[in-house]
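Welcome! Here is a friendly briefing to read alongside the sequence and the 3D view.

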Amino acid sequence: MHEEALSAAITAGGRSSRFGSDKALAVISGERLLDRVARRFPPADARVLVAPPGRYVLPGWTPLPDTRPGEGPLAGLEAALGACPDGWVMYAGVDLPGLTPAYWAALLNARTAGARSVAGLDASGHVQPLAALYHTSLRGAVSALLDAGERRLRAALLDVQQVPWASLEAQCPDAYRNVNTPADLPDA
Ligand SMILES: Nc1nc2c(ncn2[C@@H]2O[C@H](COP(=O)(O)OP(=O)(O)OP(=O)(O)O)[C@@H](O)[C@H]2O)c(=O)[nH]1
């Protein structure tokens, strides 16, 4: 039988212009944001870090350059889907220190037949594509979106299974607290 892989991908290719310095390297509770997000994935068959070549060293993670540098996290997803083995990819922004293994388990458990992406809704009901599951069968669709000029990551949420906040809140209340400025750091 064909076994589907489960992969983890972090996208860390941005400019951190609002943060003022590279936010992936910001230290919270003694560790880099990058290490925190990486550490809080469940075990995976492949682990990739989409970022400019040479910017980071993250042991156990395969560095992966952007297919379309500077074009945002939708382009980062294209790179990740292209590099990961066939199956599901847990895709996260490097600026989400509140993600936990329980968060990813909740999304994985929410997969339904026919779904090709799984994303949570925040407390306001907004879908959160930067901490979501994408199936590698979306490769062609994501490239087509980019070719057509699309840059919003949420456009990749095709055949999406949404997970209500009520199903996530108890296990991971800070899942969607992202770091854009130094004031957003949990220790601040
Ligand atoms: N691979 C990749 N990731 C990106 C790119 N741009 C942003 N990201 C990532 O997407 C996530 C959200 O990024 P933003 O906070 O919207 O953008 P940013 O450029 O990091 O920060 P600002 O300059 O303050 O907007 C972060 O994890 C970024 O590292 C890109 O061009 N390629």
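Two strands pair if DSSP finds at least two bridges between them. Helices (H or I, at least four residues) and strands (E, at least two) are DSSP runs, numbered from the N terminus. With that in hand, Ala9 has Val48 as its bridge partner in S4.

This is a predicted model: local features need pLDDT of at least 70, side-chain atom pairs count only at pLDDT 80 or more, and totals for chains, interfaces and linings use all residues. Residues are numbered from 1 along each chain as its sequence is written.

**Strand S1 and its partners**

- Strand S1 covers residues 5-11, and Ala9 lies in S1.
- S1 and strand S6 (residues 87-93) run parallel and are joined by 7 bridges.
- Across this pairing, Ser7 stands opposite Val89 in S6, and Ile10 stands opposite Ala92 in S6.
- S1 also runs parallel to strand S4 (residues 46-50), with 5 bridges joining them.
- S6 has a further link: 5 bridges join S6 to S8, and these strands run antiparallel.

**What is buried**

- A residue is buried if 20 or more other C-beta atoms lie within 10 Å of its own, exposed if 12 or fewer, and partly exposed in between; C-beta atoms are placed from the backbone.
- S1 is largely enclosed by the rest of the structure because 6 of its 7 residues are buried.
- S6 is mostly covered too, with 6 of its 7 residues buried.
- Helix H2 has 9 of its 11 residues buried, so H2 is largely enclosed by the rest of the structure.
- The buried residues of H2 are Pro73, Leu74, Ala75, Gly76, Leu77, Glu78, Ala79, Ala80 and Leu81.
- Their cover includes S1, S4, strand S5 (62-64), S6, strand S8 (127-135) and helix H4 (139-147).

**The nonpolar core**

- In soluble globular proteins, nonpolar side chains tend to be buried together.
- A nonpolar core is a set of buried Ala, Val, Leu, Ile, Met, Phe, Trp, Tyr and Cys residues joined through C-beta atoms within 7 Å.
- The largest nonpolar core here has 56 residues, and Ala9, Val50, Ala80 and Val89 have the most contacts inside it.
- Helix H2 (residues 73-83) gives the most to this core, with 6 residues.
- Two residues are in contact if their C-beta atoms, placed from the backbone, lie within 7 Å.
- Leaving aside neighbours within four places in sequence, Ala80 is in contact with Ala9, Val48, Val50, Leu64, Val89 and Tyr91.
- Ala9 counts as buried because it has 26 C-beta neighbours inside 10 Å.
- With neighbours within four places in sequence left aside, the contacts of Ala9 are Val48, Val50, Ala80, Cys84, Val89, Met90 and Tyr91.
- Ala9 and Ala141 are 132 residues apart along the chain, and their C-alpha atoms are separated by 18 Å.

**The annotated binding site**

- The UniProt annotation "binding site" (unreviewed entry) covers Thr11, Ala12, Gly13, Lys23, Asp66 and Asp95.
- UniProt positions are given in the numbering used here, feature names are shortened, and annotations may be inferred rather than shown by experiment.
- Gly13 sits in the loop between strand S1 (5-11) and strand S2 (27-28), and Lys23 is found in the loop between S1 and S2 as well.
- Gly13 counts as buried because 24 C-beta neighbours lie inside 10 Å.
- Lys23 has 27 C-beta neighbours inside 10 Å, so Lys23 counts as buried.
- Beyond its neighbours within four places in sequence, Lys23 is in contact with Ser16, Leu33, Asp95 and Val179.
- Asp95 is found in the loop between S6 and helix H3 (101-109).
- With 22 C-beta neighbours inside 10 Å, Asp95 therefore counts as buried.
- Leaving out residues up to four places away in sequence, Asp95 touches Lys23, Leu33, Asn178, Val179 and Asn180.

**Around the ligand**

- A residue is near a molecule or strand if its C-beta atom, placed from the backbone, lies within 6 Å of it.
- Of the 22 residues around the ligand, Gly13, Gly14, Arg18, Gly76 and Gly93 come nearest.
- H2 gives the most to this shell, with 3 residues.
- The shell divides into 7 nonpolar, 10 polar and 5 charged residues.
- In this count, Ala, Val, Leu, Ile, Met, Phe, Trp, Tyr, Cys and Pro are nonpolar, Asp, Glu, Lys and Arg are charged, and the others, Gly among them, are polar.
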